[in-house]
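Below is a short briefing on one protein model, covering its sheet, its helices and its charged side-chain pairs.

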Amino acid sequence: MYLDDIKEIENLINNYFEGIFYGDTSKLETCFNENAFVYGDINTSEYSKTVNEYIEIVKVRKSPNDLGEALKMSIIGIDILGKIAMAKLHVPMLGYNYYDYLSLFKINDEWKIVNKIFTHIDND
């Protein structure tokens with residue numbers, strides 16, 4: 001069961017990475033629960049959006065792929081307890097060095113992102 005959950009979460013996160021990297025909002029939408037929120041900071045400016053607002057921003061911006069960037073996103077760790085999980089990700093893109101924490105919940109036998117928090121850390 002645990003190994004199946006890890007594999008399902010890794011697949012979800014890979015879809016998340018591809019969605020934001022290629023600007024594939026259809027793929028990105030499948031990763032999130034419809035009531036998810038996205039919080040973070042970009043250069044100390046607070047960021048707070050519903051998942052629909054966030055996906056709309058991804059839809060209209062130039063994707064990292066369109067800008068000629070290499071996909072360097074990676075999973076740092078996944079922690080699962082029953083039907084809840086946390087994932088820590090490194091998401092360098094668009095000139096930023098993002099780190100994401102994703103809260104996941106298994107809803108109707110399917111893992112979904114229910115909350116995303118992120119920050120940009122300078123490369124010193």
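Is glutamate 18 buried, partly exposed or exposed? Glutamate 18 is partly exposed, because its relative accessible area is 30%. The model is predicted, and the points below are grouped by topic.

**Sheet**
- An open sheet of mixed pairing is built from six strands, in the order β2-β1-β6-β5-β4-β3.
- β2 (45-50) and β3 (74-81) are the edge strands, each pairing on one side only.
- From one strand to the next, the twist averages 15 degrees.
- β3 and β4 (residues 84-93) run antiparallel and are joined by seven bridges; aspartate 79 has methionine 86 in β4 as its bridge partner.

**Helices on the sheet**
- Helix α1 (residues 2-22) packs on the sheet and touches β1 (32-42), β3, β4, β5 (96-107) and β6 (110-120). The direction of α1 makes about 140 degrees with that of β3.
- Helix α3 (residues 51-60) also packs on the sheet, touching β1, β2 and β6, and its direction makes about 105 degrees with that of β2.

**Salt bridges**
- The count comes to six salt bridges.
- Glutamate 18 pairs with lysine 27 at 2.5 Å, N to O; lysine 27 is partly exposed at 26% relative accessibility.
- In lysine 59 and glutamate 56, the closest N and O atoms of the salt bridge are 3.7 Å apart. These residues are three apart in helix α3, so about one helical turn separates them.
- Lysine 112 and glutamate 110 form a salt bridge with closest N and O atoms 3.8 Å apart. Lysine 112 is buried at 15% relative accessible area, whereas glutamate 110 is partly exposed at 43%.

Terms used: Residues are numbered from 1 along each chain as its sequence is written. This is a predicted model: local features need pLDDT of at least 70, side-chain atom pairs count only at pLDDT 80 or more; totals for chains, interfaces and linings use all residues. Side-chain values use heavy atoms; hydrogens and water are left out. Two strands pair if DSSP finds at least two bridges between them. Helices (H or I, at least four residues) and strands (E, at least two) are DSSP runs, numbered from the N terminus. Axes are lines fitted to C-alpha atoms, for helices over the stretch in contact, and angles run from 0 to 180 degrees between N-to-C directions. Contact means heavy atoms within 4.5 Å. A salt bridge is a side-chain nitrogen of Lys or Arg within 4 Å of a carboxyl oxygen of Asp or Glu. Buried means under 20% relative accessible area, exposed over 50%, partly exposed in between (1.4 Å probe, protein chains only).
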